[in-house]
Amino acid sequence: MKHAGKNPSARRRATLSGLIVLVVIALALSLTRGSVDLSWGDAAAALMGKGNALASAVVLDLRLPRALSALVVGSALALAGVLMQVLLRNPLADPYVLGTSGGSAVLVLIAMMAGAPHSVVPVAAGAGALISMVLLLLLARSSGDWSSSRLLLTGIVLASGWGALISFLLSVSPAQQIQGMLFWLMGDLQPVTPGWWRSGVVLAALMLSLILARDLNLLAEGDLRARSLGLRTGLLRLAILLGASALTAVAVTLAGPVGFVGLVIPHMMRLLVGPDHRLLIPSSMLAGGALLILSEMTARILWAPQQLPVGVITAFIGVPVFLLLLQKGASRGRP
Amino acid sequence: MTVRALSPHCTPAAALRIAFLALTVIWGNGVSLGDVLEQADDRGSVITLPAPAMRVVSLAPHLTEILFDIGAGDRLVGAMAFSDFPEAARLLPRVGNYSYLDLELILSLKPDLILGWRGGNRESDLETLGNLGLSVFETDPRTLEDVAALMRRLGVLTGHLETASNRAQQFEAAIHRLRNEYGSRRALRVFYQVWDQPIYTLNGNHVVTQLIEGCGGINVFSGLQSVSPVVSIEAVLEADPEVIVGPRESDQSALWMSRWTTWPTVTAVKGEQLHAIPADLVARMGPRLVDAMDAMCRSLAAARTHYDG
């Protein structure tokens, strides 16, 4: 179904402004909900630097950093999902499902256990994601064509391999570190600000993929067609590979392996705005950010005062959606 | 004593200052430098309080126990889940459990001192609390001596130094008495079982080994690398302990004991020397370690009577 008939740029503006409003509402909700009861007025006063000491500390030092981190992680994962789906020509591709996050987490764990300095951890995270993606590409490629089930199976087996490595590392690591790591491995957001390099990576990836959006559209139609239209597909694929790895590293270093955002959000956005990446990319990132902010808030208040790992919430949403997509794909011949 | 607990990151200046603090503690007049209280924590940072802490949040059950023991229980405004001893501790607001801390709730309690436990709290949580401008005193007691020192240090921070010193002295005296009575008796091979599925034990770095050795036993797994290693049944068969000591938790003890009856080749099983000690006593680095040691020594003594007549 085409969204023709209306002015496309007006439609685009309307969609994006709607999603921006959604993100703002999600942020506002997340700043006012938690163990300490705060009204909208309290939160607003704290944001403007006029709140009482407790409200200021809760809003500015705990809730706002965590919500901003959720925004960065959510948009990074959504964009990583979109990119991987183009690269692998499969709508079920997702950094968590196909083991990219797992590979990243393994290298982070190894770096932390080896006592590597903090600056090395992001590099390890990126390298782990890249290794996992390259392995996936090498192993799942059968005579140049992407078989959907083969790709998924390979990715899922890779993911469980990384999972086993993680279990191994946790079993042999000194007991004191384990508790914190276990929570992080389920996908957990801490009250820390996302930091400049992470926000920078996400913004740069957004810019770059917007510039390349038309090329992504072509590549999504098929390698042969893209090449016949003069696209240097090899270079584009490499850029996508590096971009998706960097985005996964951003998410993993901030929140551990959080699942299914990269799967659910692009799918929903395709239904809403269609397959054009010029619109699909920014709207997926906004929606991904909003979803993770709301998931993080739900994780805090659902079982209050106990806090759940945010990955549990996204899995509750993501698993049924994944299964639904798989069903629909099976009945149509391919996903 | 305070100096011993310092981490190696401590600067010489800080070490000097702490040595001075230690001296003043020994002289028994508390640490008051112009009415300001100072204590080095187990991470090497020096906590400065303008006055004895009045609103304390304890992030581990044993820290709660120590505060009550040294007469500072009324200073507590929040505690960790499982803080169930003494009875009054059950009434305190719960600020978290082993997997999470409710940072917002802790802030809202307006504490002037937070007692952290490096063995149980997440480092990032303690860091966040520190960054919020709260005084976080990080503790990491590993030995019986550490516990006595910790009692005194918390006495300083809460203005209960005299009671704390007395209690610490009684604690040390009780340990000393048990060591004198049991420590040099015939050595028994002891297997301490924390949990039975899988079989967890504790190595030589855990205080339980001190308890066993103080009672004249040998921890058969004291040489293992990890503090709480998982061991196989085969490993236990090979170590062939003469005594197996495990947890007594309400009505659970019968279960783990009965599982061992299928392995009569183990000396302890054949001789029916399986003993249970309340798990909390051993697991908590607090004043009730004396009770744990007492129970351990009695168990080993019973085993000796069985084997040696």
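Predicted model: local features only at pLDDT ≥ 70, side-chain atom pairs only at ≥ 80, totals over all residues.
1. Nonpolar core. The largest nonpolar core holds 181 residues, and those touching the most other members are Leu247(A) and Met296(B). The greatest contribution to this core comes from helix H3 of chain A (residues 53-88), which gives 21 residues. Within chain B, both domain 1 (3-171) and domain 2 (184-308) supply residues to this core, so the core lies between these domains.

2. Surroundings of Leu247(A). Once neighbours within four places in sequence are set aside, Leu247(A) is in contact with Ala76(A), Leu79(A) and Ala80(A), as well as with Val201(A), Val202(A) and Ala205(A).

3. Domains of chain B. Chain B is divided into two parts, domain 1 spanning 3-171 and domain 2 spanning 184-308. Between them, 12 residues of domain 1 are in contact with 10 residues of domain 2. On the domain 1 side, the elements giving two or more residues are helix H2 (61-69), helix H5 (144-158) and helix H6 (161-182) of chain B. Of these, H2(B) provides the largest share, five residues. By class, this side of domain 1 comprises six nonpolar, two polar and four charged residues.

4. Ile66(B). This residue is found in helix H2 of chain B. Ile66(B) counts as buried because 31 other C-beta atoms lie within 10 Å, against a cut-off of 20 or more. Leaving out residues up to four places away in sequence, Ile66(B) touches Leu150(B), Met151(B), Leu154(B), Gly286(B) and Pro287(B).

5. Contact between the chains. The contact takes 19 residues from chain A and 18 residues from chain B. On the chain B side, helix H3 (103-108) and helix H4 (123-131) of chain B each supply at least two residues. The largest share of that side, five residues, is from H3(B). The chain B residues that touch chain A divide by class into seven nonpolar, seven polar and four charged.

Conventions. Residues numbered from 1 in each chain as written. Chains lettered and ligands numbered in written order. Core = buried A, V, L, I, M, F, W, Y, C linked by C-beta atoms within 7 Å. Buried ≥ 20, exposed ≤ 12 C-beta atoms within 10 Å, placed from the backbone. Helix = DSSP H or I, 4+ residues; strand = E, 2+ residues; numbered from the N terminus. Domains from an automatic or database assignment. Contact = placed C-beta atoms within 7 Å. Nonpolar A, V, L, I, M, F, W, Y, C, P; charged D, E, K, R; others polar.
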